[in-house]
Amino acid sequence: MEQLRFDGRVAVVTGAGGGLGKAYALLLGSRGAKVVVNDLGSARDGIGKSNFADEVVKEIKAKGGEAVADYNSVVEGEKIIKTALDNYGRIDILINNAGILRDRSFQKMSEQDWDLVHAVHLKGAYKTTQAAWDAFKKQKFGRVVMTSSNAGLIGNFGQANYSAAKMGLVGLASTLAIEGAKYNIKVNTIVPTAASRLTEDILPPDMFQAMKPELIAPVVAYMVHESFEDNGVIIDSTLGFAHKAHLVRSQGVPLRNKPADPVTIESVREKWAEVVNMNGARRIDKITEVTMDLVQSLQDFEDRSKMDSVNPSYWSTYNYNSKDLVCYALGVGASVVNPSDLKFLYESHEQFTALPTFFILPGMCMESPVVGNAMPKGKYADFTNILHGEQYVEFFGDFPGTEGNFTTRNYVVDVLDKGSSAIALVNSEVYQDKELVVRTQQHIFVVGQGGFNGPRSSDKAVGVLPPPKRSPDAVLEQRTAEDQAALYRLSGDLNPLHIDPNVASASGHPKPILHGLASLGFSVRHVIAKYAGSESKNVKAIKARFAKPVLPGQTLVTEMWLEGTRVHFQTKVKETGNIVIAGAYVDLKTVVKDGASPAPVQQSTSSLDLKSDSLFAKIQQGIKENSDKAKSVGAVYLYNITSNGKTVKQWTLDLKSAISVYQGEPKNGKADTTLTVSDDDMIEIAAGTLSPQVAYLKGKIKISGNIMLAQKLGPLLKSGAKL
């Protein structure tokens, strides 16, 4: 492994007379840096002086390094930087490590305790960094590390002064990272926990011995190396571990129901659970994003309010990934025994995709209050008296990818009076990035709540259709497993009717029954295997009525009739002959008869700016500089770059004839190796924070064609493009 060196670099380390600072200074000195060892020489409370810095300098020189001692206070940071400039003529690296403690409970803390801690930690870092800033800008290079603490990020009893100063350093680093970026000045924060003068009688003896500063020093040394790419990050390190930390914010929620409504204390209380719900929380990297996010949230709120004025709606979010898709596919009977099912079960399969019935799940309304709120006066609907009667799903635009975040709107379009019971027609609109991708409709049967003189039918209902009056054109059957319901419920329907024998018995069933949507998943999978080439993207719409229950272990028989691009089907239980799914159909874009090859799936190429665009530009530059090495690979690679599980851009690395990198598919012939990876994961792999091997094993990168050629590509990119 190539050793990272600091030859020609000048580093200033404050508080370097012992502990962490000493470890930093010694390591940098051993790797070629000229080191200014700054230390006031005081105890941890800032009182007293000693010659610690001289001893560290002697140790660096004894090992062949160059160093000079500095005993100035960080509050006079310009003097410390002057020491570097006077002795070595430049300054490249600054590690703000100096610190003191004045621990007191808040009520007993004196103003002096507060001021001294802030002076050393926060003002000291400000003064020293500001003194070095002009030199950094002129040479267009600088590396700064601020030292924060878990007490700053989280808080700690008796350290109000210390915690405030340490959190202040995070804010200082974040702003300087922005201001210094265009000058190649990178400012980052270390959150270390190590044995030092500050912790020698605070930590237990055995832990004090284990928390060696030498376990953290390499982390900080890498953070100040010229090859370090990150800027504005917080790294927490101790005991030989390192973690990234950052602040995140929840998705948030409007505190009123309509734009014209006031915000009240009571409305805040009502919405508070959603305010603090961190599901889907995300990091905001720039302060401009806060403003943009607020403007977008306001626009979304107004748009939703307009929709809700027509139909009162319930809005929710739904997130899924490849594991959810595989779990669902197993729940509806997909099996490795069927080669055509592998694309639904293996996240690294080059055609990995979701089954179309999976996208019914984001629109499920069983936990939504819309049905109960829509019932006529004197009628009610809750979990105890509703049944799923019919289901419709329709797809718009591109078929959803293999991971994503949805926003779903549920609303009731009609309530029908069927005599003794009622039926609520619930529409769900599933959006991704404001684009409607899926629309569903559920017929929710509300037992015992009819008789309100309502309509018996609705023109808003998507109806079922009877199958043709002839023998089926195709029949497929499959036995369900005894554990089928237990497996399917992991996809989100946790109704105890499907797992608890006592609940099933009370409902009149001999044992827990299979979910109707699980049976539908079996049947639609049979249909697309027979008439769609097992291609989910070929499905336009699905409609079905749930007629009778299925017991796990029974055999489902799917009977199909092909009429144009519509496949009518019904599903029976083989053991009883009962029809369990009736009046059902699947509308296809194209019919692919059993045994034929489906039309190739067109990959979309986007003009969107992606983070990986600059990476491919770097690769192009590296290949030009190492054209002989590139040509020796002798292969053509195609990268499919994805976002939300969908291919949004393609890049070709032609290392066979043209020796070039360009956007789009190969111009001559086809790729020897195709790699599919998300924009974010591509950056992580290139940065070295995600191993290609681990990415492959976790399904984050999919490789088809000649896999061995992918291994030849790695060393070239590492050496040639310097990624």
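How many bridges join strand S2 (residues 34-38) to S3? The legends below take up this question and others, using a predicted model.

**View 1. Strands S2 and S3 side by side.** The answer is five bridges, and the two strands run parallel. One of the residues to look for is Val-36, whose bridge partner in S3 is Val-68.

**View 2. The aromatic pair of Tyr-320 and Phe-406.** A search of the whole structure finds 15 aromatic pairs. Here Tyr-320 and Phe-406 form a tilted pair, 5.3 Å centre to centre with 35 degrees between the planes. Tyr-320 belongs to strand S9 (residues 313-320) and Phe-406 to strand S11 (residues 404-417), so the pair ties together parts that are 86 residues apart in sequence. Both Tyr-320 and Phe-406 are buried.

**View 3. The edge-to-face pair of Phe-359 and Phe-395.** These two rings are 6.3 Å apart centre to centre, with 90 degrees between the planes. Phe-359 sits in the loop between helix H12 (342-345) and helix H13 (370-374), while Phe-395 is in strand S10 (residues 386-395), so this pair ties together parts 36 residues apart in sequence. Phe-359 counts as buried because its relative accessibility is 1%, and Phe-395, at 11%, counts as buried too. Step back to find a cluster linked by ring pairs, whose members include Tyr-318, Tyr-328, Phe-358, Phe-399 and Tyr-488.

**View 4. Charged side chains over tyrosine rings.** Arg-566 lies over the face of Tyr-585, 4.2 Å from the ring centre. Elsewhere, Lys-667 lies over the face of Tyr-662, at 4.3 Å from the ring centre.

**View 5. Domains of the protein chain.** The domain assignment gives domain 1 (10-245), domain 2 (249-310), domain 3 (313-588) and domain 4 (611-718). Taken over C-alpha atoms, the centres of domain 1 and domain 4 are separated by 39 Å.

Methods
Residues numbered from 1 in each chain as written. Predicted model: local features only at pLDDT ≥ 70, side-chain atom pairs only at ≥ 80, totals over all residues. Heavy atoms only, no water. Domains from an automatic or database assignment. Pairing = 2+ DSSP bridges. Helix = DSSP H or I, 4+ residues; strand = E, 2+ residues; numbered from the N terminus. Phe/Tyr/Trp six-rings, centres within 6.5 Å; stacked < 30°, edge-to-face > 60°. Buried < 20%, exposed > 50% of the residue type's maximum accessible area, 1.4 Å probe, protein only. Lys NZ or Arg CZ within 6 Å of the ring centre and 35° of its normal.
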